[in-house]
Amino acid sequence: MLRSRRTQIKNSAKQLQQESELQSPALLELARILYARLNEQGFEFPNEIKKNYPELEKFLTTKLATFAAEALLEQINFKNLPVEDITALLGIQKQPIPVTEPKLSTLEEIPSSSPFRAGVESCYRTDKWKNSPDNWGVFESPCKNKPSNSVEVYISGGNDGEILALEAALQIIDLIGIDAAKLQLVFASHLLNQPNPCLAKFSLKGTEVIKQIGWDKKHRLTVSEKLAQLASISFHLGRMLMSCTWVEGKPKGNKVNASVSVSPLWVVKTDVIGQKNLLTGKVEQPDEVYITVSPGPWVDSWLNRVGARAGTALCQFGWLATNILKIDPYHDELALKLAIHLTMLSRIKARDIKPYGHKVGELLEAVELESQINAARSDRDKARDLKNDWNKAVSLLTSLGWRVIFDDATYPEWLRPNSKSEKPSGWKDKKIIDWLWEAKLTIIPPEPIPALLATKTEPKQLKPALKLEKVSPLTPSQVRQARQAKGWSQAELAGFLGMSQSLVTKIERSERPINPELETKLRKLLDILQD
């Protein structure tokens with residue numbers, strides 16, 4: 001008898017499941033909410049049913065809630081209600097859509113100061129994360145020339161004042177990975193497009209960011225899944241903290257103290273737009289994501305161009321060829337890390353310009369995990385894999401417009417990427433990894449970055465944001481004269497701006513107005529200072 005009843009209950013539950021699959025998800029969500037409210041009002045099944053027939057309880061409660069939901073829907077008459085009334089009834093508030101930044105051009109100015117470089121590098125150099133004396137996970141980036149100057153990166157926890165331990169911090173870094181480094185480059189590029197980076201606050205549209213960082217080619221994920229992943233990375237970037245102890249200047253001369261106490265690297269607010277799950281309250285399949293970003297306090301000491309002129313702050317910056325953001329780390333991780341590292345090195349300081357010459361070993365030690373390098377030194381197969389990855393990375397950068405010059409004395413032809421030359425006798429006297437490590441080469445970023453770095457002996461000065469002054473608009477003749485002074489053709493300028501040559505011609509002939517966004521790009525690219 002009992003077995004027969006259990007069979008009936010199972011069959012009833014199975015029938016209910018089949019019926020539920022025919023009903024709309026929204027109806028079932030509402031059914032669950034109604035049953036929860038019935039429980040709040042004291043409704044519950046007898047203990048005997050709960051104890052002896054749990055399947056029957058589940059069947060009856062779901063059925064009851066479904067009937068109640070259907071009755072409620074009939075009374076409300078959703079079909080004839082305006083959208084505003086439905087959203088108000090369900091407690092859904094329409095979020096305002098922020099004004100977002102335009103897409104990045106092919107060339108962008110970025111900060112290259114130590115706090116920013118440390119924040120970027122911390123996303124892919126997991127081996128440099130250590131355990132601090134306070135048992136926090138910390139990424140340390142000391143200055144090579146002056147070890148007393150250093151930057152530290154941490155990750156905050158869920159509670160105020162909490163900093164994650166090493167294991168938890170590494171879990172976050174493994175989750176966000178080198179894509180978080182890409183996203184920081186996007187943040188930084190937009191930051192320096194603001195009138196005053198120290199007071200900047202800007203918003204980015206998720207679907208546009210996806211295109212900018214090459215995720216539109218990730219066909220294994222839906223757009224919603226990409227947006228959800230982007231929102232997660234943005235959230236965790238907002239949890240990154242930094243501090244630095246940094247004093248520059250001669251011992252007996254004026255010194256610049258650019259030290260910063262523990263504070264956010266980026267202040268990030270992420271708005272996820274889409275249908276909320278009524279049970280969890282979360283948007284599980286986003287239609288769009290809006291990321292609002294402002295920099296942490298580090299910019300006051302490291303991006304304050306007025307302060308740099310006054311000798312109270314530092315200011316270091318360089319140029320980003322945005323096509324490197326489209327490099328897929330899944331297939332070309334070494335190429336991406338190498339491009340990011342070289343972008344950070346090819347920068348302007350207040351007094352000098354970083355040379356482009358490098359040893360292969362120094363570059364690999366700067367971007368690869370120490371464990372992978374040690375494995376390559378002790379294992380012939382690992383060494384061959386590392387050499388192949390290096391050759392692939394150099395070839396990819398070359399295809400993206402970077403210029404590579406091999407040193408004939410230390411980088412023999414047979415060792416170079418895609419070489420068909422035969423190895424000379426005696427090449428086995430050294431390990432292949434040692435040949436590669438000692439090889440020298442020069443890697444120059446795409447044009448016009450070298451020319452821009454060479455002509456900018458110091459950062460441009462920005463007027464304080466609160467001091468409003470009338471600025472003369474940019475004229476077509478200024479554009480033409482500045483372009484000719486750099487020795488660029490109209491086609492070259494058009495390529496740097498991401499537009500057609502005919503459009504540049506119209507600009508210089510006063511046949512096309514120069515809007516504020518275009519004026520900002522032209523002034524930056526052609527070094528035209530505001531009057």
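## Where α12 meets α15

Let's start with a pair of helices. H331, D332, L334, A335, L338, A339 and L342 in α12 touch D389, W390, K392, A393, L396 and L397 in α15. Sorted by class, this contact has nine nonpolar, one polar and three charged residues. Keep in mind that you're looking at a predicted model.

How do the two helices lie against each other? Helix α12 covers residues 329-345 and helix α15 covers residues 380-399; they pack at an angle of about 60 degrees, and their axes are 8 Å apart. That angle makes α12 oblique to α15. The crossing of α12 and α15 is right-handed.

## α12 has another partner

Now look at helix α13, residues 360-367. Its axis and that of α12 come within 10 Å and cross at roughly 100 degrees. Angles of 65 to 115 degrees count as roughly perpendicular, and so that's the word for α12 and α13.

On the α12 side of this contact you'll find L334, K337, L338, H341 and L342, and on the α13 side L363, L364, A366 and V367. The classes here are seven nonpolar, one polar and one charged. Notice that L334, L338 and L342 of α12 turn up here and also in the contact with α15.

## α13, tucked away

Which residues of α13 are buried? They are V360, G361, L363, L364, A366 and V367. That's six of the eight residues in α13, so the helix is largely enclosed by the rest of the structure.

## α14 against α15

Helix α14 (residues 370-378) also packs on α15: their axes come within 5 Å and cross at roughly 120 degrees. α14 and α15 are therefore oblique to each other, and their crossing is left-handed. A375, A376 and S378 of α14 make the contact with R380, K382, A383 and L386 of α15. By class, you get four nonpolar, one polar and two charged residues.

Definitions and conventions: Residues are numbered from 1 along each chain as its sequence is written. This is a predicted model: local features need pLDDT of at least 70, side-chain atom pairs count only at pLDDT 80 or more; totals for chains, interfaces and linings use all residues. Side-chain values use heavy atoms; hydrogens and water are left out. Axes are lines fitted to C-alpha atoms, for helices over the stretch in contact, and angles run from 0 to 180 degrees between N-to-C directions. Helices (H or I, at least four residues) and strands (E, at least two) are DSSP runs, numbered from the N terminus. Angles under 35 degrees count as roughly parallel, over 145 as roughly antiparallel, 65 to 115 as roughly perpendicular and the rest as oblique. A crossing is left-handed if the near helix is turned anticlockwise from the far one by less than a right angle, and right-handed if clockwise. Contact means heavy atoms within 4.5 Å. Ala, Val, Leu, Ile, Met, Phe, Trp, Tyr, Cys and Pro count as nonpolar, Asp, Glu, Lys and Arg as charged, and the others, Gly among them, as polar. Buried means under 20% relative accessible area, exposed over 50%, partly exposed in between (1.4 Å probe, protein chains only).
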